[in-house]
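This briefing goes through a few local features of one structure, grouped by topic. Look at the sequence and the model first, then read the points below.

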Amino acid sequence: MPDKLDEIINRHLHLQRDNLLPLLQEVQQALGYLSEESINRIGAALNLNTSKIYGVATFYDQFRFEPKGRFHIQICHGTACHIEKSARIIAETERILKIRQGQTTRDGMFSIEVVNCMGACALSPVIAINDKYYSGLQPRDIKGIIDQCKTNEV
Ligand code: FES
């Protein structure tokens, strides 16, 4: 019986290697990430080598290859947040969680995604954890926010 992934792939069977973006975006939207299985199935359906598909997907920051954590941290790096030094927020979050953007902690608790403008520029720099926004942050605020997530989890 065809599943959601089959449905998506079947709608894009006409795609060529240099135009895989819409398919990859739709798969990520449905699954939350590009799993190894999804890449293999796309390769089989479109008769493409999986390394070519990974080559396309890894070219773009928007794709993740691991499932999101229970706490998915989106860090804005749009212009206003960039001016307010969001790079330091990203670095501090990566340092505390010991993962890079696009990755998920081994325990599946946290993941980091760097995104463009989240529509709250006046409050920059901004992050969101799941759907909760935190604004006007300093790097020193990150540890407390992460600890709060851990506390809420137990
Ligand atoms: S640039 Fe970060 S919210 Fe707009």
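Tyrosine 60 is partly exposed, with a relative accessible area of 30%; buried means under 20%, exposed over 50%, and partly exposed in between (1.4 Å probe, protein chains only). The model is predicted: local features need pLDDT of at least 70, side-chain atom pairs count only at pLDDT 80 or more, and totals for chains, interfaces and linings use all residues. Residues are numbered from 1 along each chain as its sequence is written, and side-chain values use heavy atoms, with hydrogens and water left out.

**Aromatic rings**

- The structure holds 4 aromatic pairs; rings of Phe, Tyr and Trp (its six-membered ring) pair if their centres lie within 6.5 Å, and planes under 30 degrees apart count as stacked, over 60 as edge-to-face and the rest as tilted.
- The ring centres of phenylalanine 59 and tyrosine 60 are 5.1 Å apart and the planes stand at 80 degrees, so this pair is edge-to-face.
- Phenylalanine 59 counts as exposed because its relative accessibility is 64%.
- One aromatic cluster is formed by Phe59, Tyr60 and Phe63.

**Helix 4**

- Helix 4 covers residues 50-59, and Ile53, Val56 and Ala57 are buried in it; helices (H or I, at least four residues) and strands (E, at least two) are DSSP runs, numbered from the N terminus.
- Seen down the axis, the buried residues of helix 4 fall within an arc of 95 degrees, so they line one face of the helix; the arc is that of the directions from the helix axis to the C-beta atoms.
- Thr58 and Phe59 are exposed residues on the face of helix 4 turned away from its buried side.
- The buried residues of helix 4 pack against helix 2 (21-31) and helix 3 (36-46).

**Helix 2 and helix 3**

- Helix 2 and helix 3 pack at an angle of about 145 degrees, and their axes are 12 Å apart; axes are lines fitted to C-alpha atoms, for helices over the stretch in contact, and angles run from 0 to 180 degrees between N-to-C directions.
- Leu23, Leu24, Val27 and Leu31 of helix 2 make the contact with Ser38, Ile42 and Leu46 of helix 3; contact means heavy atoms within 4.5 Å.

**Threonine 93**

- Threonine 93 lies in helix 6 (residues 86-97).
- Threonine 93 counts as buried because its relative accessibility is 2%.
- Not counting residues up to four places away in sequence, threonine 93 touches Ile73, Ile75, Ile112, Ile142 and Ile146.
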